[in-house]
Amino acid sequence: AMGGNHTQPKFILLGITDTPWAQAPLFGLFLLIYILTLAGNVGLMVLVWVAPSLHTPMYFFLTHFSLADVCYSTVISPKMLTGLLFGNKTISWAGCVTQFHLFALFVTAECHLLAAMAYDRHVAICHPLLYVTAVSPRACWQLVAWSYLVASLSALVYTSCTFGGSFCGPRQVDHFFCDVSPVLRLACSDTRGSEVAIFALATANGLGTSVVILLSYGRILHTILGMRSAPSRARAFHTCASHLVSVSVFYGTLFFMYLQPASRHGSRDKVASVFYTVVSPMLNPFIYSLRNKEVKAALGKCRRRMLNHC
């Protein structure tokens with residue numbers, strides 16, 4: 001019953017904090033983080049695009065991962081920043097639905113892209129002779145298309161379950177963006193069915209992709225430990241390190257947030273949410289570029305090329 005939605009078609013996002021003195025420093029901090037997120041991820045995408053040495057499956061997946069990071073931080077950060085700066089906390093019904101839908105889409109896509117990257121590392125280290133055929137450009141596009149297809153269908157289910165009921169009374173979303181549990185708390189229709197459906201699908205996406213990642217790394221570890229030479233062992237570990245770090249950051253906070261019963265959600269959620277919606281997208285380009293010889297070499301080449309043109 002969507003009837004209840006048109007009487008007062010706005011939500012109020014209560015934001016991260018209502019402490020007046022904290023608004024300005026938080027605005028400064030989050031603006032800086034958002035600028036770094038855009039600069040880092042767009043920079044990484046451009047670098048992969050212009051540097052032929054980075055035209056490999058791993059970096060192909062990474063550009064899509066960076067794109068998803070840029071998209072979902074842009075779905076959340078600007079609205080949060082205007083709330084902190086102007087105290088304008090209202091968001092329209094359509095705005096709330098759109099924000100949640102796009103957020104759900106890009107986060108789900110990231111889970112599947114991380115699984116694709118784990119598969120790529122697994123083939124590279126465990127079956128190097130099959131690599132060119134197993135991770136062909138066509139296979140890469142198929143994996144990315146699959147990630148976005150599953151994410152789009154999942155996001156449709158999440159969104160219809162979250163906003164399908166009727167809402168009445170105060171529409172204060174106790175969060176800085178329209179997320180599942182704070183929105184469902186405002187519904188005056190029974191939400192148990194929706195909660196079960198969302199939980200089941202989130203578990204399938206989260207656990208499904210993390211099982212792929214764990215199995216891949218199990219095989220990788222087994223292969224690395226079987227290697228005779230120390231340098232090749234070190235090199236193999238090195239290619240996986242950055243991916244493992246971003247997997248841990250991303251899944252750690254996601255599981256904390258979404259795989260707990262609704263009654264347990266509280267103010268700690270906002271801290272965890274800040275971590276994966278705002279901090280994690282900023283960290284990824286740094287995780288991948290600072291640890292990485294290939295990225296550093298490509299950056300050096302680009303710098304020299306630009307200096308020569310000047």
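The lining of the largest cavity in this predicted model divides into 5 nonpolar, 4 polar and 2 charged residues. About 110 Å³ of space lies inside this cavity. The count of cavities of 30 Å³ or more comes to 1. Helix H2, residues 57-86, gives the largest share of the lining, with 4 residues.

Helix packing was examined for H3 and H7. Two packed helices are described by the angle between their axes and the distance between the axes. H3 spans residues 93-126 and H7 spans residues 192-225. Their axes lie 9 Å apart, at an angle of about 20°. Angles under 35 degrees count as roughly parallel, and H3 and H7 are therefore roughly parallel to each other. The crossing of H3 past H7 is left-handed. On the H3 side, the contact is made by Thr108, Cys111, His112, Leu114, Ala115, Ala118, Tyr119, Arg121, His122, Ile125 and Cys126. H7 contributes Asn205, Thr209, Val212, Ile213, Ser216, Tyr217, Arg219, Ile220, Thr223 and Ile224. By class, this contact has 12 nonpolar, 7 polar and 2 charged residues. Arg121 of H3 and Arg219 of H7 take part in the contact and count as charged.

Definitions and conventions
Residues are numbered from 1 along each chain as its sequence is written. This is a predicted model: local features need pLDDT of at least 70, side-chain atom pairs count only at pLDDT 80 or more; totals for chains, interfaces and linings use all residues. Side-chain values use heavy atoms; hydrogens and water are left out. Axes are lines fitted to C-alpha atoms, for helices over the stretch in contact, and angles run from 0 to 180 degrees between N-to-C directions. Helices (H or I, at least four residues) and strands (E, at least two) are DSSP runs, numbered from the N terminus. Angles under 35 degrees count as roughly parallel, over 145 as roughly antiparallel, 65 to 115 as roughly perpendicular and the rest as oblique. A crossing is left-handed if the near helix is turned anticlockwise from the far one by less than a right angle, and right-handed if clockwise. Contact means heavy atoms within 4.5 Å. On a 1 Å grid over the protein atoms alone, a cavity is a set of points where a 1.4 Å probe fits but cannot get out, and a pocket is an open set with protein on both sides within 12 Å along at least five of seven lines; lining residues have an atom within 4 Å of a point. Grid points are joined across faces, edges and corners, and a volume is the space filled by probe spheres set on the points.
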